[in-house]
Amino acid sequence: MAIVLWLSIASFDVYNVMHHDEAAASTPFAHHHMGMATAQASEAVAPSVASSMTPDELLAPADTIRVSVQGIQYAWMFSYPGTEVVTGELHVPAGQRVRLDLEAEDVIHSFWVPQLRIKQDAIPGMATYLEFTPTRVGEYPVVCAELCGAYHGAMRTQMVVHTAAGFEEWLQMAQAEAQTNAPTVATVSH
């Protein structure tokens, strides 16, 4: 039994060493997932700044695109803070760091972009996030990787990676559309 365990561990280590550089070179993104150790180290380096900023703000560069992602049975909703844009597709610029602030309304969902090899759970009542830097323009499927109910298989959308100029153009167009199509809450007739 000990030999089988040792062989398994040794094989895993060899596989990781052999394929690490190849996988990093072939994937169209750079994935940044920082834990508390990094946040604590950042606080230790800059205590005066750390007292007025959260660990997340210390870790994220100022030019990070933030998107609020809400998982609901059976859809993903993406909203862009500071704008009125809410959409069913994720739009991001290539070459710029993106932070997805994930939350689930009802059950556990798992935000997964298989082609980019990124995945993060969205859990009701818990704030989770995913940071990455897309490097290739294109469209990538987004699926829920957690069985979330009867229509789980239909919980799909896409992530559109634009050029920087293309993203700004899309955002301006989406903002203009959001302002002209503002929902009517109520009408009063006399």
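Two strands pair if DSSP finds at least two bridges between them. Strands here are DSSP runs of E with at least two residues, helices runs of H or I with at least four, both numbered from the N terminus. The model is predicted, so local features need pLDDT of at least 70 and side-chain atom pairs count only at pLDDT 80 or more, while totals for chains, interfaces and linings use all residues. Residues are numbered from 1 along each chain as its sequence is written, and side-chain values use heavy atoms, with hydrogens and water left out.

**The sheet**

Five strands make an open, mixed sheet in the order E5-E11-E10-E7-E8. Strands E5 (90-93) and E8 (118-122) are the edges; each has a single partner strand, so one side of each lacks a neighbour in the sheet. From one strand to the next, the twist averages 20 degrees.

E5 pairs with strand E11 (residues 156-162) in the parallel sense, over four bridges. Leu-90 faces Met-159 in E11. Helix H5 (residues 164-180) lies across E5 and E11, at about 140 degrees to E5. Angles run from 0 to 180 degrees between N-to-C directions, with axes fitted to C-alpha atoms, for helices over the stretch in contact (heavy atoms within 4.5 Å).

**Two buried residues**

Buried means under 20% relative accessible area with a 1.4 Å probe, protein chains only.

| Residue | Relative accessibility |
|---|---|
| Thr-64 | 11%, buried |
| His-162 | 15%, buried |

Thr-64 sits in the loop between helix H4 (55-59) and strand E2 (65-72). Beyond neighbours within four places in sequence, Thr-64 contacts Arg-97, Val-98 and Arg-99.

His-162 belongs to strand E11. Beyond neighbours within four places in sequence, its contacts include Val-92, Phe-167 and Trp-170.

Methods. Buried < 20%, exposed > 50% of the residue type's maximum accessible area, 1.4 Å probe, protein only.
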